[in-house]
Amino acid sequence: TIQYNACDENNWSDGAVVRKHGGSTYSAASACGQVHQSYQDYTCSAEEDALAGGQMACPVDPDMELRAETQAGWYGAPPRLFCAPKSKVPNAPRWNHAGPWCPPPGGWGHTPPFGDDAPLDDYLAYVRGGGSCKDDTGIKVGGWTLGCLQSRPRRLPCLRAGQRQLQGLRGDQGRGLDVQRRWLQREGVPRLAGAALRQAQRPHGRRGFCWWGRGVIQTTSTCNYGKLNYYMGKRAADEGRAAAFPHIDFCKDPGSICAPDGPRELKWVAGFFYWLNAVQPYASGGWTYLTKPKERVDGGMNLADRGFINGASGMVNRGCHNPPACNTGDLHGGGGARAELQEGPLRDGPARRLARGLRAARR
């Protein structure tokens, strides 16, 4: 997010992600959760609900409609995430990043993109119709499709792959795969079509799935947005508590974190809040976050020791230090986090020398 100056979560479910986790390449259902996650299904704890007088998480509004403010910028990148009721987008289309080619401004056949002030209904109609080349300024290639992206000779294997995915998941009763099964079913596209999809529950479209990641730490889920509202948003103000953003209802407008006309600091404040509320006080299964940095320093900050960085990454991305134990999916981005740790200041010397000095002082 910080590296690419983005605020909203990107649709990064490319071919490699799909081969490993299933689903469809660059599906619009990525707004609901990527890599087996279902942001809408992440609930708050019983203690948090009791503190909030019954419910801490935001209620799900099946008629909520939103479109993200930012997206990836590489050639053919999927456009901004969006959510809409099933009445407007019955099934989740997918972005074809391979075509069609989009004429540049001034070129023959160029069509102006949707402006930021364009009615969302117009954009949703364009998506339903399999539109292309109008999603954002500067788009060079790509369009929406409801079909398999493979050519006709490979279409049947594509359908059968989705059928096997759904059949293989139907018999499992574990919560993690149950979340994955719902994720596959809501795709509602031919990759998951055929007999398996017809026998499954009717796909529920993309109703209320507006809780994708936003801000520097990619705040997701009805629970985390509900906490923002309870502690620093409109709910806090309405219930007589001090509120940093008393006029922002994070439950009715989670997109306020990235809104260009909103408080510029909010994308950072939301991340700091999550870190203070969920990461620093974390203690579970004998793993306590506040003791781990000291243990790492005392151990010489061994770069081969992955316990601390994997645990911290798991807490931020999956809600526990040892995913997939918490049934929210495997650890994501662990390799990248470890590389940053190895190639950053710890590798360059000053922090390592400081750690040695601290250990010597304690002796």
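Author: A charge is said to sit over a ring if NZ of Lys or CZ of Arg is within 6 Å of the ring centre and within 35 degrees of the ring normal. This model is a predicted one, and in it the charged end of Arg-67 sits over the ring of Tyr-123, 3.8 Å from the centre of that ring.

Reader: Over which ring does the charged end of Arg-241 sit?

Author: The charged end of Arg-241 sits over the ring of Tyr-230, at 3.9 Å from its centre.

Reader: Back to Arg-67, then. Which residues are linked with Arg-67 in a network of salt bridges?

Author: Arg-80, Asp-116 and Asp-136 are linked with Arg-67 in that network.

Reader: And Tyr-123, which cluster of ring pairs is Tyr-123 in?

Author: Ring pairs link Tyr-123 with Phe-82, Trp-95, Phe-114, Tyr-126 and Trp-144 into a cluster. The structure holds 14 aromatic pairs. One of them is formed by Phe-82 and Trp-144, an edge-to-face pair with 5.9 Å from centre to centre and 85 degrees between the planes.

Reader: Where in the chain are Phe-82 and Trp-144?

Author: Phe-82 lies in strand β2 (residues 82–83) and Trp-144 in strand β4 (residues 141–145). The pair links distant parts of the chain, 62 residues apart.

Reader: Are Phe-82 and Trp-144 buried or exposed?

Author: Phe-82 and Trp-144 are both buried.

Reader: Let me step back. How many helices and strands does the protein chain have?

Author: The protein chain has 14 helices and six strands. Its residues number 363, and 47% of them count as buried. Of the contacts between residues at least 6 apart in sequence, 62% join residues at least 24 apart. The chain exposes about 18,100 Å², with carbon and sulfur atoms supplying 52% of that area.

Reader: New topic: how many salt bridges are there?

Author: The count comes to twelve salt bridges. Among them is the one between Glu-48 and Lys-227, whose closest N and O atoms are 2.7 Å apart. This pair also links distant parts of the chain: Glu-48 belongs to helix α2 (residues 46–51) and Lys-227 to helix α7 (residues 221–232), 179 residues apart.

Reader: Why does Lys-227 count as buried?

Author: Lys-227 counts as buried because its relative accessibility is 6%, and the cut-off for buried is under 20%. Glu-48, at 22%, counts as partly exposed.

Reader: Which salt bridge does Lys-234 form?

Author: Lys-234 pairs with Asp-238, and their closest N and O atoms are 2.8 Å apart. Both residues are in helix α8 (residues 234–238); they are four residues apart, so about one helical turn separates them. Lys-234 is partly exposed, at 32% relative accessible area, whereas Asp-238 is exposed, at 55%.

Reader: And what about Arg-235, with which residue does Arg-235 form a salt bridge?

Author: Arg-235 forms a salt bridge with Glu-239, with 2.9 Å between the closest N and O atoms. Glu-239 counts as partly exposed, at 42% relative accessibility.

Reader: Which residues does Asn-229 touch?

Author: Leaving aside residues up to four places away in sequence, Asn-229 touches Lys-234, Arg-235, Ala-236, Ile-248, Asp-249, Phe-250 and Cys-251.

Conventions. Residues numbered from 1 in each chain as written. Predicted model: local features only at pLDDT ≥ 70, side-chain atom pairs only at ≥ 80, totals over all residues. Heavy atoms only, no water. Helix = DSSP H or I, 4+ residues; strand = E, 2+ residues; numbered from the N terminus. Buried < 20%, exposed > 50% of the residue type's maximum accessible area, 1.4 Å probe, protein only. Contact = heavy atoms within 4.5 Å. Areas by Shrake-Rupley, 256 points an atom, 1.4 Å probe, with all protein chains shown as cover. Salt bridge = Lys/Arg side-chain N within 4 Å of Asp/Glu carboxyl O. Phe/Tyr/Trp six-rings, centres within 6.5 Å; stacked < 30°, edge-to-face > 60°.
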